[in-house]
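Let's take a friendly walk through a protein model together. Have the sequence and the 3D view ready, and look up each residue as we reach it.

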Amino acid sequence: MSSYQVIQSRPIAPQVQQSCPQCSTQLEFSLPTDPSPPPQTVLQVQCYHCSSILTHTIGVGYSSTSRSAPQPPKRTGRKIGTQERPLETGYYDVLEVKVDATTEEIKKAYRRMALLHHPDKHPGDPLAEERFKNIAVAYQVLSDPERRKKYNEFGAKESGSDAGYVDPEEVFSAIFGGDRFVPIIGEISLGKEMKEALQQAEEAEEEEASATTIEGSTPVHRDAKGKPVLSPEQRSKKLEKEKKIAAEKARLREERVQKLVENLDRKLSIYVESVTGAPTDAEVAKSWREICRLEAEELKTESYGVELLHAIGFVYTAKSRHYLASYSTPWGVGGWLHNVQGKYHVISETVSTVRSALELKRVFDELAAAEKTGISPEEKRRLEEQAAEKGLQALFKGAKLEVDSVLRETCDRILADEKAQKEKLIARATALGMLGDAYLAVRKDSETESEYVKIDTKASRERDARRASTS
């Protein structure tokens, strides 16, 4: 017999898990059962941590006899949702629409729900106004494509006008160049691909978890590497999904390159349309160089500005020399040599990027091993700071490799325009070379600045102190 006293039980009651919008504390509460609140009822709940009042709207399909908590607007265990599988579905439930509803369907649902729950039709209901407000908020978010996208990925709190969410795609874009560089290099896709990889990884984990029954009695068949063995139907669906993803990436890259071609053509036309006679008009060239210099001086102040300008300038000058050498040397031998040099540069940059990634992996492995064997807080902090610095370096090199590839294709199209005459193409190549030279000529205002965006760590502070003592 157990020495413990008899434990009292209680009836199963639905519990709703929610996050407090004020202090972000995770909490749960029981739903009333006598009487059961109808769908769209707005409940007021007090946070146990900060005592603020939050609201909860009863979703469609709730029943007081249910043995499990109603799902909406409860979050899934994922950190980031997708457009097909949103992180939260509360707004969709408020409007009683499916997550794949069209804009027109959302609009019709809003009209129906607004008429049904207008406060004027419920004069004795103290929560009617709050319920009507929730319907309006849900419609405002879901009817706006951008806000709906953010809601699907990050939830209700992050989709509002004062959202405090952190979108890795936007953060990545802001770190490397910002908006000023978008007309020159486009939106760097590495951040978007990182977010998609996270989404796919979490989806795969959920699918693997759902491969067993509730009791867990059905084992999942795995291969030698421990990965679940897919059925022919599952493999077919996975292959089809991968094809769609690849096709979408190709479409976005084509749009990006085409836009960059238009932007670069418009910029070079300042020189091309001004030259008279020879493509290297001295007076026009002098003015063009000054325009390029002023632009470069402005751009270098952006995050990673100097590094990006050097990467862009290298491609511009290389493509310019390659094109001009093709016409100025017998049989185009000069162009062929420049082409070989360009390919060597790409290989060199690829090797450098791989080395940075391997170095980052080494630091992470060292950190993981140290945590297993025991590590002091100071040593852990040192390794984490080292990982942050090397991580940012590896990310920039990956972004630089992507920019290099996109700009090479952009320049190739600019200098292979079949509609343009030879003299105009030579003028384009000349202007492109001068623009590249201006980008390559920029220097940091302070020679003590790091090659990369500075991270304030103990190691960086020690380096700064050593430099100060020797200056």
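With which residue does Glu307 form a salt bridge? The partner is Lys444, and the closest N and O atoms are 2.6 Å apart. (A salt bridge here is a side-chain nitrogen of Lys or Arg within 4 Å of a carboxyl oxygen of Asp or Glu.) This pair links distant parts of the chain: Glu307 sits in helix α11 (residues 305-328), while Lys444 belongs to the loop between α14 (422-441) and α15 (458-470), 137 residues apart. Helices (H or I, at least four residues) and strands (E, at least two) are DSSP runs, numbered from the N terminus. Glu307 counts as buried because its relative accessibility is 12%. (Buried means under 20% relative accessible area, exposed over 50%, and partly exposed in between, with a 1.4 Å probe and protein chains only.)

## About the model

This is a predicted model, in which local features need pLDDT of at least 70 and side-chain atom pairs count only at pLDDT 80 or more, whereas totals for chains, interfaces and linings use all residues. Residues are numbered from 1 along each chain as its sequence is written, and side-chain values use heavy atoms, leaving out hydrogens and water.

The structure holds 19 salt bridges. One of them joins Arg251 to Glu255, with the closest N and O atoms 2.5 Å apart. Both residues lie in helix α9, 4 residues apart, about one turn of the helix. Arg251 is partly exposed at 37% relative accessibility, and Glu255 is partly exposed at 45%.

Another salt bridge brings together the side chains of Arg413 and Glu254 (2.8 Å, N to O). Arg413 lies in helix α13 and Glu254 in helix α9, so this pair ties together parts that are 159 residues apart in sequence. Arg413 is partly exposed, with a relative accessible area of 27%, and Glu254 is partly exposed at 37%. Salt bridges that share partners join Arg253, Glu254, Glu409 and Arg413 into one network.

## Thr410 in helix α13

Is Thr410 buried or exposed? Thr410 is buried, because its relative accessible area is 2%. You will find Thr410 in helix α13 (residues 377-414). Leaving aside neighbours within four places in sequence, Thr410 is in contact with Val257, Leu260, Val261 and Leu264. (Contact means heavy atoms within 4.5 Å.)

## Two helices side by side

Two packed helices are described by the angle between their axes and the distance between the axes. The axes of helix α9 (residues 232-272) and helix α10 (residues 282-299) come within 9 Å and cross at roughly 145 degrees. (Axes are lines fitted to C-alpha atoms, for helices over the stretch in contact, and angles run from 0 to 180 degrees between N-to-C directions.) From α9, the contact uses Lys267, Leu268, Ile270 and Tyr271; from α10, it uses Val284, Ala285, Trp288, Ile291 and Glu295.

## Cysteines and a loop

How many disulfides does a search of the whole structure find? The search finds 0 disulfides (pairs of cysteine sulfur atoms within 2.5 Å). Cys47 is buried, at 1% relative accessibility, and Cys411 is also buried, at 1%.

Finally, look at Ala416, in the loop between α13 and α14. Ala416 is exposed, with a relative accessible area of 51%. Ala416 and Tyr323 are 93 residues apart in sequence, and their C-alpha atoms are 9.5 Å apart in space.
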